[in-house]
Amino acid sequence: RRHIRNEWEQRNTIDSAKEELKAKVLKVNEFTAQYYHENLYKPESKIVQEYIKKRKLSNETLKSFRLGFSGRFDELYHALKKEGFQDAEILESGLVNRNDNGRYIDRYRNRLMFPICDARGRVIAFGGRVLDDSKPKYINSPENLVYSKGRHLFGLYNAKKHDTKKILIVEGYMDVISLHQRGITNVVASLGTAMTEAQGRLLRRSSEQIILGYDADGAGQEAIVRGLDILRNLGCDVRVLQISGAKDPDEYVIKYGPERF
């Protein structure tokens, strides 16, 4: 009996340590979202300000999605340390990597930053887009204690502030943001093209009808087939959006306007 109790106590200790680390990682993420967002408006952030102008993103959009800008080399790491965060929780967040020489380097540098929130609005991860033609175009947070990409949808927290009787699911962050800015607010994105069953259940809970609006390319079409399978198996009312004359919803809505979309 004592053996069982010891095991139970041990498991309890491990669980509460895990919960504590989880709570700290969420605080790291929250601080980082705010830090990146404030970076957007700094005089030295000209490169991202030009990009925002080019993509016609309004100030209201920047604020409601808390878009941000990641700086150079290890700026975030030092800001987090100054705030009192420990290396363990900073590394667990996936926002900072440690190189072979033991130096701490920010994962995201000189990128437009997209905080990824759960359905309750807590920042659980980030996506970062380059501002030139370098590769990779996007870097996303690795999975960790607070983030499992197959269980969340980008933009769901924003969409739920409006009518979600119908939900349109698209591929990219920019599709969601661009449509949202133009008054089409019932839009979310799967994090990575293929939809998962957990995302399907999330959609079913939030909506009566789901519309698949993936890109017109091969990968997008494959994602539609997969999405149809998953959503039909869950008993959803599901439709497919067909757009012609543009490669994705973002390009279409800018080209032809929200009414036509």
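This is a predicted model: local features need pLDDT of at least 70, side-chain atom pairs count only at pLDDT 80 or more; totals for chains, interfaces and linings use all residues.
**Exercise 1. Find what Asp-250 touches, leaving out residues up to four places away in sequence.**

Step 1. List the contacts: Arg-55, Met-174, Asp-175 and Ser-178.

Step 2. Look at the side chains of Asp-250 and Arg-55. A polar contact of 2.6 Å joins them.

**Exercise 2. Describe the largest pocket: its space, its lining and the elements behind that lining.**

Step 1. Start with the volume. The largest pocket holds about 640 Å³ of space.

Step 2. Go to the lining, which has 27 residues. Closest to the pocket centre are Lys-137, Tyr-138, Gly-172, Asp-175 and Asp-215.

Step 3. Name the elements that each give two or more residues to the lining. They are β6 (138–140), α7 (173–181), β9 (187–190) and α10 (249–256).

Step 4. Sort the lining by class. It has 9 nonpolar, 6 polar and 12 charged residues.

Step 5. Link back to the earlier exercises.

**Exercise 3. Identify the buried residues of helix α8 and say what covers them.**

Step 1. Helix α8 spans residues 197–206.

Step 2. Its buried residues are Ala-198, Gln-199, Gly-200, Leu-202, Leu-203 and Ser-206.

Step 3. Their cover includes the strands β7 (153–154), β8 (166–170), β9 and β10 (209–212). The helices α6 (156–159) and α9 (218–233) also belong to that cover.

Technical notes
Residues are numbered from 1 along each chain as its sequence is written. Side-chain values use heavy atoms; hydrogens and water are left out. On a 1 Å grid over the protein atoms alone, a cavity is a set of points where a 1.4 Å probe fits but cannot get out, and a pocket is an open set with protein on both sides within 12 Å along at least five of seven lines; lining residues have an atom within 4 Å of a point. Grid points are joined across faces, edges and corners, and a volume is the space filled by probe spheres set on the points. Helices (H or I, at least four residues) and strands (E, at least two) are DSSP runs, numbered from the N terminus. Ala, Val, Leu, Ile, Met, Phe, Trp, Tyr, Cys and Pro count as nonpolar, Asp, Glu, Lys and Arg as charged, and the others, Gly among them, as polar. Buried means under 20% relative accessible area, exposed over 50%, partly exposed in between (1.4 Å probe, protein chains only). Contact means heavy atoms within 4.5 Å. A polar contact is a pair of N or O atoms within 3.5 Å; within protein, one must be able to donate a hydrogen and the other to accept it, and residues adjacent in sequence count only if both atoms are side-chain atoms.
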